[in-house]
Protein chains: 2
Amino acid sequence: MNAPAPPRFQPLYQQIREAILHALQAGEWPPGGLIPSETELAQRFGVSQGTVRKAVEVLTAEGLLVRRQGKGTYVVSHDESQAQFRFLRLRPDEGPAVQPVSRMIHCRRVRAPADVQRALSLQGSDTVLYIQRVLVFGEDPVILDDIWLAGEEFRRLTPQRLAHQSSRLYSMFETELGTKMLHARERIRAVAATAEQAGLLAIEPGQPLLLVERVTTTFHGRPVELRRGLCRTTHHHYANEL
Amino acid sequence: MNAPAPPRFQPLYQQIREAILHALQAGEWPPGGLIPSETELAQRFGVSQGTVRKAVEVLTAEGLLVRRQGKGTYVVSHDESQAQFRFLRLRPDEGPAVQPVSRMIHCRRVRAPADVQRALSLQGSDTVLYIQRVLVFGEDPVILDDIWLAGEEFRRLTPQRLAHQSSRLYSMFETELGTKMLHARERIRAVAATAEQAGLLAIEPGQPLLLVERVTTTFHGRPVELRRGLCRTTHHHYANEL
DNA sequence: GAGTGGTCTAGACCACCCT
DNA sequence: GGGTGGTCTAGACCACTCA
């Protein structure tokens with residue numbers, strides 16, 4: 001006799017997590033907004049409140065939800081200070097963190113170069129939005145960013161719309177496009193500044209710079225952003241906790 | 001009337017977590033060993049099994065315990081592949097990760113320099129164990145480490161004992177001294193190699209190097225290690241996930 | 001005071017691992 | 001078969017927030 005294909009089991013709370021994730025992805029509750037209470041969700045999905053709680057705990061640990069006692073559970077927003085520095089790890093060596101100002105250099109739609117295609121799993125014909133900018137902390141240009149954005153989400157994002165509020169790119173991606181940046185993988189190395197890079201960062205060619213290469217992925221592991229950041233680290237450092 | 005000082009409340013499961021932590025710190029169960037079952041711990045502490053479970057979940061999330069279904073809960077060991085790369089984030093750009101070999105350059109007990117004193121919250125008279133070494137990946141010297149170790153834990157650690165098995169420092173710290181390295185804070189920057197550094201890493205002076213400064217802390221946030229690693233990143237990169 | 005999340009319990013059943 | 005952790009439930013009480 002042929003053995004029947006083994007059914008795929010999955011814990012209930014994982015299925016509830018998926019269900020909430022889909023609702024989140026569908027935009028059922030806005031970023032920063034309140035989701036239904038545990039008891040409401042339990043009724044909606046036909047499970048006990050404790051099971052919903054477990055699912056919400058997981059999503060909270062993943063950084064998608066925030067719970068506030070006495071108030072409710074909120075969809076996380078990239079505007080919050082809590083998330084403000086998740087994707088910007090460069091801190092001044094001394095003194096409080098300063099919000100950088102963005103100076104746009106390029107912003108246009110291009111066909112993706114080969115290495116960008118590879119990083120973002122694109123077809124040869126796909127176009128991406130390319131942005132080059134300098135982040136200025138106080139008086140000093142500190143970061144030179146090359147950014148490539150893939151996917152349908154960025155079809156509606158035109159150079160014009162970016163021009164005037166580019167200092168808070170992530171915040172805008174979210175509010176304008178509903179995109180969720182969930183996970184990022186970074187590769188960090190030290191490189192010498194080229195003449196062009198040195199010019200944009202007001203340093204001498206050959207000076208050491210921190211190169212941060214990042215691929216950001218969204219809901220189901222789909223890559224949507226490749227970013228190469230070159231950082232002056234004379235008065236700033238990249239902070240990390242293990 | 002004087003209002004009485006408000007009592008400090010703490011959830012039961014947090015107290016149980018502390019209790020388990022103290023047993024761990026006292027060495028009641030060896031690294032890699034099995035701790036008592038949930039029901040046993042529940043009896044011992046006089047709480048329900050679910051409360052013990054919550055405490056163990058927290059400690060598992062903190063990376064101190066590992067649970068294996070059907071077998072039990074284990075004290076984590078730094079030997080495990082799971083923890084092998086927690087403190088060594090440098091990976092080759094291509095190909096599988098290679099276990100580096102350590103070449104000792106200096107190893108002696110010294111009075112801590114001022115900056116090391118600050119980082120490790122030491123008194124002026126305290127001595128520290130100072131180690132300088134080069135980590136060689138395959139054929140290439142890739143990392144130049146300066147390491148300062150503070151505290152009673154390292155009194156028994158002599159240069160002689162380090163000389164021959166220094167390639168797996170952390171593993172040895174633990175097995176030999178029972179020290180637990182729990183948390184680390186890193187500051188990363190790009191610097192130019194000095195002549196001396198260049199000589200040790202077989203590169204040209206002035207070449208860019210990745211400087212990773214790390215302070216490692218143990219059980220109650222007490223700093224025990226300061227490390228400055230200089231890394232060639234021509235064929236390797238520092239990997240990070242956000 | 002009503003509603004929310006936070007904690008705690010007791011008990012049930014499952015899947016996994018060993019012997 | 002007996003022990004372990006993994007999941008799920010139902011119900012209780014607490015602390016916080018807001019009207």
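Trainee: Which residue does the side chain of A:R189 meet in a salt bridge, and how is such a contact read?

Mentor: Side chains of opposite charge can pair when their charged atoms come close. The term salt bridge is used here for a side-chain nitrogen of Lys or Arg within 4 Å of a carboxyl oxygen of Asp or Glu. In this predicted model, A:R189 meets B:D93 at 2.6 Å, N to O. The pair crosses between chains, from strand β8 (residues 183-192) of chain A to the loop between β3 (90-92) and β4 (101-111) of chain B, strands being DSSP runs of E with at least two residues, numbered from the N terminus.

Trainee: Is A:R189 buried or exposed?

Mentor: A:R189 is buried at a relative accessible area of 11%, whereas B:D93 is partly exposed at 22%; buried means under 20%, exposed over 50% and partly exposed in between, with a 1.4 Å probe and protein chains only.

Trainee: Which parts of chain A does the salt bridge between A:R227 and A:D145 tie together?

Mentor: The closest N and O atoms of A:R227 and A:D145 are 3.7 Å apart. Because A:R227 lies in strand β10 (residues 223-231) and A:D145 in strand β7 (residues 140-149), the pair ties together parts that are 82 residues apart in sequence. Both A:R227 and A:D145 are buried.

Trainee: What should I keep in mind about the conventions?

Mentor: Residues are numbered from 1 along each chain as its sequence is written, and chains are lettered from A in the order in which they are written. Local features need pLDDT of at least 70 and side-chain atom pairs count only at pLDDT 80 or more, while totals for chains, interfaces and linings use all residues, and side-chain values use heavy atoms, without hydrogens and water.

Notes: Helix = DSSP H or I, 4+ residues; strand = E, 2+ residues; numbered from the N terminus.
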